[in-house]
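Thanks for passing this one along.

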Amino acid sequence: MMVRKTLGWLALSMVAGLFEGCGGSGGLATGAGGDFHVLSANVADGQVWRINRPIEVRFSEDVDFSTVSLNTFRITNAAGFSAIGFFFQPTDPSTGEIDRQRVVFQPSCPIEEDFSDAGLLPGHDYQLIITGSVGAPTLRSTAGQPLTGGILRSFSTPDSDDPLDLFQDTVPGPPSVRILPSRPEVGQVIDPDTPATHVEIGGISRFFGRDPLTQEGLLEPGLALPLSHYSIPENQVTFVVQFDQAILGTAGNLSKLRLEYLTATGWETLPSEVELEVNCTEDGSRVRVLPQGLLPQNRSIRVVVDAGFSDLSGDTTVATADDIAVAETVSGGDPNPLFPEVDNPLVDEVLETFGVEDLEDKTAVFPVPRAIWGDGQLEANFAFGGTGGPGGDFDWHIPPSTELVLDTTNDVIFGGPGGAQTGSNPVINGIVDVRDFFLPPSSTLRIVGPNTCTILASGSVRIQGLILLAGSDNPGVATLNTANQPEAGAVGTAGGGDGGTGSYLTTQSTPRGGAGFGAFQVIDGGGQGGEASYVNLPGPQRRGSGGGGGTLGHDVYYDHDSNSTTELVRCQMLTGLDAEYGNMGALEALGAESNQPGAIGGLPAPLPFNDIDPNNDFLGTMRTTDGQLILGELDDLWAGSGGGAGGDSVFSDTFPHPNFNPNSDEKGAGGGGGGGCLRI
């Protein structure tokens, strides 16, 4: 069985450094004040909060849910990083209607064994901050009223790795599979969003229900499953198992869920792929089980949940459940029960020989040489710089369970025929010349250094593990009372821009943090630095503003509650998909350049696209549905830009500080480095 925890992909360009520097928030209202205000929250000051427990806030009026986001309903740890999860408005059990005066934040449940991907991390201090309408984005009521009374709560998560300490047990006992109480009737229409176990046939949901005689979970009478051909979408079959509560999402726990088919000698395991689709919702959790290969014809198929299957809090099942979802398959050649025009052949293939010229689209127009098609092969019609490495047979196979660092400045890799490490191969300026490249699932290739990485493989490339080209965080100000010493930004990776320099003036106060560098170290091409703050008040009340984030391309906006009717927002929980504006400075202080309360945070980095046409913002060529050929604006792969540095905090009634010295100003941190670029 292959267990898939999350959807994987190869990211050829990545960007980091989106959150360089943090601005302070000014006067936060903490009580009722006006027509629209916070009434209560279920988290108390100083409370120890379990990492899967929902945070619920009740308001005095109905909330305009489109204004709810991590900018207006903030949950951050001491390092300034937002919690990960989703918002929703719960159902009132007494009426069955949505309670629009309440907003709930559900932290994401972890999948990793060490809980490092949890929405609320174990052993961390957090703040819940809902700001009023003064000088910041805020919630609004459905009548359009801005929130006038916000709330501030400080809480912490358990410092433990014991599930009993970390997780709230939302449902007593071990997880139980949800199926309909009775078997569906022939042709019965059931809402596809019903939280119950079902099977998808060509994307259409059909539900299992208890048979009154056998107590098995069965489909409607007469409905058999097609053979799940990869090449025939209408025949594809996926089992969807609904549990009554959140489950432990680790690979070991998910491996206890499988498919079986009946043979003459008993039930045998059917190869399948298991994916935790949703977890920690009002309805519990949902797991998808995808058969691998064709289903056996004219056989019984069932879902099995082994004993020991666990919920988040550690409650485990004591017996194996093998009667929750049982179905029959059609015979080879029979029509699909839901798509009668589609039959079920006994073979499944997508065959392309590259020898039949009639299959080539000769009408396509591209500004590059046409590929060579024929004689059973397809090959590029342009020069290739790879040689296969030393001897022409240098295979670079990264060993299992290895994290290998490759420096694009100057490095050496080891390999040879078949991946045996019998020789070495120099890597200069990021150029990797090999025959075959293989990265196993358990290994990571981390690319560092200033140059773009190019892997030239004359043979095959198999990437099953993880390639990282992430930028670097800035650890913050390194020394105190050193306003005359600049704070360098973090370095970029594989073509990514460096972060901006903080407090770069050495003989006077610095009005604004330095801008980050663009991709390939373009000066001022990254995020803008944050404005410095000045006031003759204690530290937190003169906090400078944050630097703007770096960019890779257009921002990707996030539907924070998986509801397509709500407004898409920028979201700091999705690192690398959107560039953030720097946080504003303390409202008690004035900006060094603007001389207005609340120093202005830095702008995000400019986009790499220069013309006004939004339809060509890509690399390569694209043909539209009407046959028009569009040439992308980029002429090469791109990398991420660095973030801007944070603004300084100046202890003075005027700016610059009239008696500048090494301890007169508190320095802003440098910006984070941009992520890199990979060509294979």
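1. Let me begin with a sheet: in what order do the four strands of the open sheet E3-to-E5 stand, and what is the sense of their pairing? The order is E3-E9-E8-E5, and the pairing is mixed. Strands E3 (47–48) and E5 (74–77) are at the edges with a single partner strand each, so one side of each has no neighbour in the sheet. Strands here are DSSP runs of E with at least two residues, helices are runs of H or I with at least four, and both are numbered from the N terminus. Two strands count as paired if DSSP finds at least two bridges between them.

2. A word on the basis of these notes. This is a predicted model, so please keep in mind that local features need pLDDT of at least 70 and side-chain atom pairs count only at pLDDT 80 or more, while totals for chains, interfaces and linings use all residues. Residues are numbered from 1 along each chain as its sequence is written, and side-chain values use heavy atoms, with hydrogens and water left out.

3. If you want a place to look, asparagine 77 is opposite tyrosine 126 in E8.

4. Strand E10 (residues 198–201) deserves a look from both sides. His198 and Glu200 on one face are buried, and so are Val199 and Ile201 on the other, which leaves both faces covered. Buried means under 20% relative accessible area, exposed means over 50%, and partly exposed is in between (1.4 Å probe, protein chains only).

5. Which strands does E10 pair with over four bridges? One is strand E11 (residues 204–207), which runs antiparallel to E10, with histidine 198 opposite phenylalanine 207. E10 and E11 make a hairpin with two residues between them, and glycine 202 in the turn has a positive phi of about 60°. Strand E14 (residues 237–243) also pairs with E10 in the antiparallel sense, and there glutamate 200 is opposite threonine 238.

6. On charged pairs, the whole structure has 18 salt bridges, a salt bridge being a side-chain nitrogen of Lys or Arg within 4 Å of a carboxyl oxygen of Asp or Glu. In one of them, aspartate 99 meets arginine 102 with the closest N and O atoms 2.8 Å apart, and both of these residues are buried.

7. Glutamate 260 and arginine 258 also form a salt bridge, at 2.8 Å from N to O. Glutamate 260 counts as buried because its relative accessibility is 5%, and arginine 258 is buried too, at 17%.

8. Arginine 288 counts as buried at 15% relative accessibility, whereas glutamate 277 is partly exposed at 34%.

9. The search finds one disulfide, taken as a pair of cysteine sulfur atoms within 2.5 Å. Cysteine 109 and cysteine 280 form it, with their sulfur atoms 1.4 Å apart. The link is left-handed, with -70° about the S-S bond. Cysteine 109 is in the loop between strand E7 (102–107) and E8, and cysteine 280 is in strand E17, so the pair ties together parts that are 171 residues apart in sequence. Both cysteines are buried.

10. Cysteine 453 is in no disulfide, and its nearest cysteine sulfur, that of cysteine 677, is 9.3 Å away. Cysteine 453 is buried at 0% relative accessibility, and cysteine 677 is buried at 1%.

11. Finally, some backbone details to check. The peptide bond from phenylalanine 655 to proline 656 is cis, with omega near 0°, and proline 656 is in the loop between strands E37 (649–651) and E38 (665–666). Asparagine 429 has a positive phi of about 55° although it is not a glycine; at 48% relative accessibility, asparagine 429 is partly exposed. Asparagine 481 also has a positive phi of about 55°, and with a relative accessible area of 55% asparagine 481 is exposed.
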